[in-house]
Amino acid sequence: MKQIKILITVLGVLLIGSSSWGQYAVNFDGSSDATHASNYGFTDHDLNGITWTGVQAIIPTTPLTGEWYNGVRSLRLRGYSTSHMTMTENKTTGIGTISFNYRRYSTDSQATWKVEYSTNDGGSWTQVGSDFTAPASDIVQVFSGDVNVSGNVRIRIIHASGGASSNKRLNIDD
């Protein structure tokens with residue numbers, strides 16, 4: 001009986017230790033979250049205490065017709081081959097699972113996207129889960145992928161299919 005109690009205690013410590021990544025959430029609804037509505041690029045923008053940069057990305061002050069968002073606003077990625085949203089500083093408490101909602105903007109055809117993480121300050125990136133593409137509908141989708149990395153880590157959402165130079169916009173929220 002004593003061995004079973006010890007085993008249960010050890011398993012409990014291992015499970016607690018493996019799920020101790022700190023929470024981090026961005027819903028783009030904060031008063032300082034919006035970027036310039038006419039500029040599809042921003043740098044060094046604080047989102048819930050971590051700095052991000054975006055290329056061909058925007059968090060509009062006022063959502064446009066065709067924009068999907070939950071709350072006040074969402075992130076819009078333009079869908080050009082250079083489009084991305086990237087942490088420029090580390091989340092120091094690691095990452096367990098990355099998840100967010102996404103949907104096409106208006107009736108735009110869609111590009112393929114991927115989520116990646118880095119444990120060396122953005123020196124190299126590892127893909128999380130599979131590539132994703134919003135369907136040609138207004139149905140909100142969920143991306144979810146397990147990372148389970150402790151310590152310093154960054155994430156980015158980046159255009160996965162090359163060559164696009166026309167709007168294939170995607171909204172991301174929560």
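Tutor: Two strands pair if DSSP finds at least two bridges between them. In this predicted model, T53 has T86 in β5 as its bridge partner, and β2 and β5 pair in the antiparallel sense over four bridges.

Student: How many bridges join strand β1 to β2, and in which sense do the two run?

Tutor: Strand β1 (residues 41-47) is joined to β2 by five bridges, and the two run antiparallel.

Student: Is strand β2 largely enclosed or largely open?

Tutor: Burial is judged by relative accessible area, and under 20% counts as buried. Strand β2 (residues 50-55) is largely enclosed by the rest of the structure because five of its six residues are buried.

Student: Take a single residue next. Where is A57 placed, and is A57 buried or exposed?

Tutor: A57 is in strand β3. Its relative accessible area is 0%, so A57 is buried. Contacts show what surrounds the residue: leaving aside neighbours within four places in sequence, A57 is in contact with N39, Y40, G41, F42, L75, R76, L77 and H84. For L75, the C-alpha atom is separated from that of A57 by 7.2 Å, with the two residues 18 apart along the chain.

Student: Which sheet does β3 belong to, and in what order do its strands come?

Tutor: The sheet is open, with five strands in the order β3-β4-β11-β6-β9 and antiparallel pairing. Strands β3 (57-58) and β9 (141-149) are the edges, each pairing on one side only. Inside that order, β6 and β11 run antiparallel and are joined by four bridges. R103 stands opposite N171 in β11.

Student: What follows β6, and where is D108 found?

Tutor: D108 is found in the loop between β6 and β7 (113-118). Not counting residues up to four places away in sequence, D108 touches N167, K168 and R169.

Student: Which element gives the most to the lining, and how does the lining divide by class?

Tutor: Strand β6 gives the most, with six residues. By class, the lining of the largest pocket has 17 nonpolar, seven polar and three charged residues.

Student: How far does the predictor's confidence extend, and what is the average pLDDT of the chain?

Tutor: The protein chain averages a pLDDT of 83, and 84% of the residues score at least 70. Residues 1-18 have a pLDDT below 50, and beyond near neighbours in sequence this stretch has zero contacts in the model.

How values were computed: Residues numbered from 1 in each chain as written. Predicted model: local features only at pLDDT ≥ 70, side-chain atom pairs only at ≥ 80, totals over all residues. Heavy atoms only, no water. Nonpolar A, V, L, I, M, F, W, Y, C, P; charged D, E, K, R; others polar. pLDDT = per-residue confidence, 0-100. Contact = heavy atoms within 4.5 Å. Buried < 20%, exposed > 50% of the residue type's maximum accessible area, 1.4 Å probe, protein only.
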